[in-house]
Amino acid sequence: LEGCLLLDSALDALVVGGPGNFPALSELDLSWNHISDEGVRLLVASPLWARLKNLVLGGNPLTDQAAAVLA
């Protein structure tokens, strides 16, 4: 999903259905979108988070708050 100009609200499609949505998804490239700190919080709080082995967020308007959530 690199460079698709996604907003935080687009992450709903990935996380709302929980593990049943995209059951084989383990790598996610969200680089060069409009994902904010809130989007990172949403992603980390979702059931999808436990399955992700690779997450790319470069080029998004993230702050140190997002880094703290990821840590």
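A polar contact is a pair of N or O atoms within 3.5 Å; within protein, one must be able to donate a hydrogen and the other to accept it, and residues adjacent in sequence count only if both atoms are side-chain atoms. The views below come from a predicted model, where local features need pLDDT of at least 70, side-chain atom pairs count only at pLDDT 80 or more, and totals for chains, interfaces and linings use all residues. Residues are numbered from 1 along each chain as its sequence is written, and side-chain values use heavy atoms, with hydrogens and water left out.

**View 1. Asn60 and its polar contacts.** Look for Asn60 in the loop between strand 2 (54-56) and helix 3 (64-70); helices (H or I, at least four residues) and strands (E, at least two) are DSSP runs, numbered from the N terminus. The Asn60 side chain reaches two backbone oxygens: that of Leu57 at 2.8 Å and that of Leu30 at 2.9 Å.

**View 2. Leu30 and its neighbours.** Beyond four places in sequence, Leu30 touches residues including Leu1, Leu6, Val56 and Asn60; contact means heavy atoms within 4.5 Å.

**View 3. The salt bridge of Glu38 and Arg41.** Here the closest N and O atoms are 3.2 Å apart; a salt bridge needs a side-chain nitrogen of Lys or Arg within 4 Å of a carboxyl oxygen of Asp or Glu. Both partners lie in helix 2, three residues apart, about one turn of the helix. Glu38 is partly exposed, at 45% relative accessibility (buried means under 20% relative accessible area, exposed over 50%, partly exposed in between; 1.4 Å probe, protein chains only).
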